[in-house]
Amino acid sequence: MATMHTTLIIGGGASGLMAANILSKEGQKVILLEKKHQCGLKLRITGKGRCNLTNACDKDEFLSHVSDADFFAPAFYWFDNKDLMSFFEQKDIELKVERGNRVYPASGKANDIFFALLQDIEHNENVEIIKNCDVKHLIIEDGRAIGVVANNQRILADNIIICTGGRTYPTTGATGDGYRILKLLNHKITKPLPALVGLRTQSGYPSELQNLEIKHCKVTITDKNKNIIASRFGDMTLDEYGVSGPIILSLSRDIAKDFDAGEEMFLSIDFKPKIDKDKLYQEILAAFKERRTENASSIVRKWVQKPLVNEILSTCKINPKTMGYKLTERDAKSLLWYLKFRSEEIIGDMGWNEAIITKGGVALNEVDKHTLQSKKIKNLYITGELLDLDADTGGYNLQIAFSTAALACKAIANQ
Ligand SMILES: Cc1cc2nc3c(=O)[nH]c(=O)nc-3n(C[C@H](O)[C@H](O)[C@H](O)COP(=O)(O)OP(=O)(O)OC[C@H]3O[C@@H](n4cnc5c(N)ncnc54)[C@H](O)[C@@H]3O)c2cc1C
């Protein structure tokens, strides 16, 4: 029979709300401390307000999307994507699975996920939620965490779960406090970097092309010697400052560390990845011949969407009115270069206000992966995005927040 403990949860985001749910169901006392006037501000804007809460792929594939599968596996095997879906279904939330196995509430409202997490803890005598409560320090005695200092008060407990999130979208409360708090206690923090974020490139795209979606393309990032650093196939968008959209977000995560280390990087978009360069070149030449009485604008439409035509022709220095029969081999080479090889230097990313997640955080070798307990401080559990654990877009990051919370709760309940 488990003993009753009081657990302080620092941070009322995805991970903290899940932990409060699980512990209170176990009959444990919980005090949830949230810095903002409301819990779950980030959760409520996830998935563009629709909350892609997890991914319904199989276990091995799921783990392949996580930065450290070995560390995450015990948490995931304890509380996996299917468990998470049942958890919400038991709370009468209907779910739907969309393209790429992304799971959303059928209502399309992230708020429904938030309120489902809140409903059982809000008026629960085992749970006290203290909002506007800014935790500054942990109180440590004999190597054990025994409480916190928040709003100039000491609050004591048997166990502490710290889940203050990362640093992105700081207006939601995720301002990196956990890094500072744990660094003071000699926890190693792997440098936090914005990830799943748009990339700025040297020239960007004209404002009229803002948010233009390019489907089924291949984006490759190389170093200055043209060695491939990362490459992905899928959909992306153009931006005045550079590029964004699904594959760019994933690439930003792939390159975050090397880019931060100062590596020069170049990005190229292959608009026609399914046709090899020789074949495409022949196709372009043939189109010049066959459509000899059409102008360049009309011919180029064969390979790209209308809004891109002017951009391509002006970059390739081809007059849009030139008739097919007047287009030259040089023009064909130029178009081929744009459609397959044009490369631009990456000059940065869109930063903390636009990044979806933080890469980096509490070093995993200082956390027990079977319990999520700190190896440095007893009775202290670290969960969610605060850990140096991250994943692709597709619902994987929220699952990390939920699964790590569930595993820490199991360890606490078993004490
Ligand atoms: C715009 C956007 C869209 C996203 N969409 C998705 C998606 O669809 N699917 C997906 O899987 N992931 C998505 N993510 C990522 C996902 O939201 C996070 O990975 C997840 O919320 C992390 O959960 P967490 O509980 O660790 O941190 P958070 O949810 O950030 O919660 C941390 C909480 O701690 C509180 N806090 C911080 N410091 C203190 C302190 N000192 N004292 C007390 N409280 C404190 C904060 O106020 C906050 O409430 C998205 C992120 C963003 C920014």
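Axes, in this tour, are lines fitted to C-alpha atoms, for helices over the stretch in contact, and angles run from 0 to 180 degrees between N-to-C directions. Helices (H or I, at least four residues) are DSSP runs numbered from the N terminus. The model is predicted: local features need pLDDT of at least 70, side-chain atom pairs count only at pLDDT 80 or more, and totals for chains, interfaces and linings use all residues. Residues are numbered from 1 along each chain as its sequence is written, and side-chain values use heavy atoms, with hydrogens and water left out.

**First stop: H9 and H12**

Select residues 277–290, which form helix H9, together with H12; their axes come within 9 Å and cross at roughly 135°. H9 and H12 are therefore oblique to each other (the class left once angles under 35 degrees are called roughly parallel, over 145 roughly antiparallel and 65 to 115 roughly perpendicular). The crossing is right-handed, the near helix being turned clockwise from the far one by less than a right angle. On H9, display Lys277, Leu280, Tyr281, Ile284, Leu285 and Phe288; among their partners on H12 are Glu329, Asp331, Lys333 and Leu336. Contact here means heavy atoms within 4.5 Å. The residues of this contact divide into 10 nonpolar, no polar and 5 charged (Ala, Val, Leu, Ile, Met, Phe, Trp, Tyr, Cys and Pro count as nonpolar, Asp, Glu, Lys and Arg as charged, and the others, Gly among them, as polar).

**Second stop: H11 and H12**

Leu308, Glu311, Ile312, Leu313 and Thr315 of H11 make the contact with Leu335, Trp337, Tyr338 and Leu339 of H12. By class, 7 of these residues are nonpolar, 1 is polar and 1 is charged.

Now select residues 14–25 (H1) and 396–413 (H13), whose axes come within 8 Å and cross at roughly 35°. H1 passes H13 in a right-handed crossing. Ser15 and Met18 are among the H1 residues that meet H13, where Leu398 and Phe402 are included. The contact comprises 12 nonpolar, 2 polar and no charged residues.

**Last stop: the ligand**

Which residues come nearest to the ligand? Of the 36 around it, these are Ser15, Glu34, Asp177, Glu385 and Leu398, where a residue counts if one of its heavy atoms lies within 4 Å.

- A polar backbone atom of Ser15 is 2.8 Å from a ligand oxygen atom.
- An N or O atom in the side chain of Glu385 is 2.7 Å from an oxygen atom of the ligand.
- A polar side-chain atom of Asp134 lies 3.4 Å from a ligand nitrogen atom.

Technical notes
Helices (H or I, at least four residues) and strands (E, at least two) are DSSP runs, numbered from the N terminus. A polar contact is a pair of N or O atoms within 3.5 Å; within protein, one must be able to donate a hydrogen and the other to accept it, and residues adjacent in sequence count only if both atoms are side-chain atoms.
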